[in-house]
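Trainee: I have a model on screen and would like to learn how to read it. Where do we begin?

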Amino acid sequence: MTVANRRRGADRRVKHATVDVERRSGLDRRLIVESATAQIHAVLELLTQLADMGALRDDSRRLLDTAMLRLRYALERMDLE
């Protein structure tokens, strides 16, 4: 059977399929963002405590500093939205 022959059959696609969509209100979205913001603040506090302990090697300290910088950047972007 060739591709052309298979395509000559009846169209099996549904023309008007209903889809249940869960819509979030603006308040719901803000609460999610606030929750994410609070979580990022908490992570930054924990990472800062870890960095202040001074028990990390130089390469681990650089990785930690990079992670903290990325989290701060993400937090700033979230605050703008």
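Trainee: Take Leu 75. Which residues is Leu 75 in contact with, leaving aside its neighbours within four places in sequence?
Mentor: This is a predicted model, so keep that in mind. With those neighbours left aside, Leu 75 is in contact with Thr 37, Ile 40, His 41 and Leu 44.

Trainee: Let me follow Thr 37. In which helix is the place of Thr 37?
Mentor: Thr 37 sits in helix α2. Not counting residues up to four places away in sequence, Thr 37 touches Leu 75, Met 78 and Asp 79.

Trainee: Does Thr 37 count as buried or exposed?
Mentor: Use the cut-off: buried means under 20% relative accessible area. Thr 37 has 13% relative accessibility, so Thr 37 counts as buried.

Trainee: Now Leu 47. Is Leu 47 buried or exposed?
Mentor: Apply the cut-off again. Leu 47 has a relative accessible area of 19%, so Leu 47 is buried. Leu 47 also lies in helix α2.

Trainee: What does Leu 47 touch, not counting residues up to four places away in sequence?
Mentor: Leu 47 touches Leu 64, Met 68 and Leu 71. Look at Met 68. Leu 47 and Met 68 are 21 residues apart in sequence. From C-alpha to C-alpha, they are 7.2 Å apart in space.

Trainee: Which residues form the largest nonpolar core?
Mentor: That core has eight residues. They are Ile 40, Leu 44, Leu 47, Ala 51, Leu 64, Met 68, Leu 75 and Met 78. Both α2 (26-53) and α3 (58-80) supply at least two residues each.

Trainee: How do I describe a helix pair?
Mentor: Two packed helices are described by the angle between their axes and the distance between the axes. Here α2 and α3 pack at an angle of about 155 degrees. Their axes are 10 Å apart.

Trainee: Why are α2 and α3 called roughly antiparallel?
Mentor: Angles over 145 degrees count as roughly antiparallel. The angle is about 155 degrees, and α2 and α3 are therefore roughly antiparallel to each other. Their crossing is left-handed.

Trainee: How many nonpolar, polar and charged residues does the contact of α2 with α3 have?
Mentor: By class, there are 13 nonpolar, three polar and four charged residues. Val 33 and Ala 36 are among those from α2. The α3 side includes Arg 61 and Arg 72.

Trainee: Step back to the protein chain. How many helices and strands does its secondary structure have?
Mentor: There are three helices and zero strands. From the N terminus on, the elements run α-α-α. Of the 81 residues of the chain, 11% count as buried.

Technical notes
Residues numbered from 1 in each chain as written. Predicted model: local features only at pLDDT ≥ 70, side-chain atom pairs only at ≥ 80, totals over all residues. Heavy atoms only, no water. Core = buried A, V, L, I, M, F, W, Y, C linked by side-chain atoms within 4.5 Å. Buried < 20%, exposed > 50% of the residue type's maximum accessible area, 1.4 Å probe, protein only. Helix = DSSP H or I, 4+ residues; strand = E, 2+ residues; numbered from the N terminus. Contact = heavy atoms within 4.5 Å. Axes fitted to C-alpha atoms, helices over the stretch in contact; angles between N-to-C directions. Parallel < 35°, antiparallel > 145°, perpendicular 65-115°, else oblique. Left-handed = near helix turned anticlockwise from the far one by under 90°. Nonpolar A, V, L, I, M, F, W, Y, C, P; charged D, E, K, R; others polar.
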